[in-house]
Amino acid sequence: MTDTLTPPTVAPLASERRVVTAIPGPRSIALQERRRQVVSDGVSSALPVFIERAHGAILVDVDGNQFIDLGAGIGVTTIGHTDDAVVAAAGAQLADVTHTLFTITPYEEYVRVAELLAEHTPGDFAKKTVLVNSGAEAVENGVKIARKYTGRAGVAVLEHAYHGRTNLTMAMNFKAMPYALGFGPFAGDVYRAPNSYPLHDGLTGEAAAKRTIDYLEKTVGASDLACLVVEPIQGEGGFIVPADGYLPALQEWCTANGIVFIADEIQSGMARTGAYFASEHFGLVPDLVLSAKGIAGGLPLAGVTGRAEIMDAAQPGGLGGTFGGNPVACAAAVAVFERIESDGLLAEAARIEARLRPALEGLRKRFPVIAEVRGIGAMIAVELLDPATHEPRADLPARIAAEAAQRGVLVLTAGTYGNVLRFLPSLALDDALLDDALEVLTESFAAAGA
Ligand code: PLZ
């Protein structure tokens with residue numbers, strides 16, 4: 001890794017943390033005031049500093065502060081902000097063809113992304129893809145296709161799940177506040193079953209799977225279910241890693257009962273965990289894989305990829321959308337796949353885990369409020385519980401994140417109870433920046449009174 005990062009056409013950006021004003025600084029405060037006049041209050045921002053430039057794992061705000069970014073736009077800029085290859089590919093495509101609408105006149109980039117997704121999702125069978133704009137839209141399309149294929153209506157999801165902000169996906173989320181409260185009526189035929197949450201349920205994978213399956217068989221009946229949608233590692237829920245054997249048992253039950261097994265890999269996918277898709281860590285071969293976020297290096301692109309016979313159940317003209325599989329986003333996605341391959345980026349997730357996990361385990365010894373360090377690769381979290389009562393410490397993560405922001409580190413919270421700090425940095429985060437961020441994190445735990 002070099003110590004300066006050079007995006008094309010602009011001056012080099014020093015790869016370092018730098019705090020030069022109060023956070024937020026005066027320009028961010030002024031912009032925040034303008035924003036308050038014209039942007040809906042329904043859209044909030046975790047850290048109201050306005051970002052002007054970004055490269056690798058560094059964000060630069062309008063006041064010249066440089067933040068080490070441990071969130072990557074919630075797992076989107078997985079190979080780094082303004083990655084040179086992505087910028088070059090998207091820029092060239094922008095000039096060649098910006099838009100045609102694939103359902104009017106197709107273009108090669110869409111097909112290439114579908115080929116790459118077929119190659120890199122688990123399973124050695126014929127696969128097909130539809131490309132859309134957002135994660136929620138991928139979830140919607142996965143459900144739509146599974147319903148058409150099975151001729152059934154029921155959609156099973158798990159407790160602590162997050163799947164998006166559209167009407168159907170609001171019904172699929174676990175948390176009502178803030179995602180759904182007052183926004184109903186909601187889509188029907190969605191059934192939420194208990195998940196596997198080892199820290200809280202203490203169940204083996206086998207016992208947790210039996211609980212999930214019993215629940216669905218009793219409350220719905222397997223023959224009414226079109227699909228079961230699971231996040232292999234639950235993202236917004238707080239990077240919940242299910243107990244060993246849990247997910248394979250669910251998949252086996254789905255297969256035995258003609259239920260389409262859908263892996264929502266929108267947050268866990270695309271190299272984040274050191275595999276292309278986290279399903280691989282659990283030995284899963286989903287019927288359909290949903291991808292978004294990291295697949296196009298920051299451009300909006302998402303997809304449903306899976307068994308050709310399921311994907312082809314949709315009638316011609318039944319899938320699409322004006323911007324779905326936009327050529328610029330597709331060109332960026334092809335560049336992301338190429339970078340992962342040519343630069344061995346899957347190994348970078350393991351490098352980050354090898355440094356981050358022991359450091360967080362060290363922090364746990366010092367701050368007993370950390371009940372657990374969990375996750376895989378560059379998808380690691382700590383859950384905070386009162387050591388005496390085991391109650392969630394919902395007050396702490398936001399305070400710790402605020403302390404870290406004052407010191408130039410952006411860290412995200414998560415969890416149904418808001419009691420999780422999650423680390424999902426870009427793979428461009430080098431060891432020096434990671435060590436610096438970890439020192440800041442230690443100070444921030446202390447300053448927040450953890
Ligand atoms: N499935 C597993 O993580 C998006 C939400 C950010 P979209 N998670 C971040 C916010 O505040 O809206 C997500 C996810 C999983 C689906 C989605 C939805 O993806 O691209 O945000 O629609």
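Start with Arg422 and Glu236. In this predicted model, Arg422 forms a salt bridge with Glu236. Their closest N and O atoms are 3.0 Å apart. How many salt bridges does the rule find across the interface of domain 1 and domain 2? The count is 1.

Now step back to the chain. The protein chain is divided into domain 1 and domain 2. Domain 1 is made of two stretches, 26-69 and 345-447. Domain 2 covers 87-342. The C-alpha centres of the two domains lie 26 Å apart.

Next, look at where the domains meet. On one side, 27 residues of domain 1 take part in the contact; on the other, 26 residues of domain 2 do. The size of an interface is often given as the accessible area lost when the parts come together. Between domain 1 and domain 2, the buried area is about 2200 Å². Carbon and sulfur atoms give 64% of that area. Find Leu346, Ile376 and Met379 in domain 1. Together they supply 32% of the area that domain 1 buries against domain 2, more than any other three residues.

Polar contacts also link the domains. There are 14 residue pairs in polar contact between domain 1 and domain 2, counting pairs with both residues at pLDDT 80 or more. Which elements give two or more residues to the side of domain 1 that touches domain 2? They are α12 (346-366), β13 (370-376), β14 (379-384) and β17 (420-423). Strand β13 gives the most, with 5 residues. By class, this side of domain 1 has 17 nonpolar, 6 polar and 4 charged residues.

Terms used: Residues are numbered from 1 along each chain as its sequence is written. This is a predicted model: local features need pLDDT of at least 70, side-chain atom pairs count only at pLDDT 80 or more; totals for chains, interfaces and linings use all residues. Side-chain values use heavy atoms; hydrogens and water are left out. Domain bounds come from an automatic or database domain assignment. Contact means heavy atoms within 4.5 Å. Buried area is the accessible area (1.4 Å probe) that two parts lose on being put together, summed over both. A salt bridge is a side-chain nitrogen of Lys or Arg within 4 Å of a carboxyl oxygen of Asp or Glu. A polar contact is a pair of N or O atoms within 3.5 Å; within protein, one must be able to donate a hydrogen and the other to accept it, and residues adjacent in sequence count only if both atoms are side-chain atoms. Helices (H or I, at least four residues) and strands (E, at least two) are DSSP runs, numbered from the N terminus. Ala, Val, Leu, Ile, Met, Phe, Trp, Tyr, Cys and Pro count as nonpolar, Asp, Glu, Lys and Arg as charged, and the others, Gly among them, as polar.
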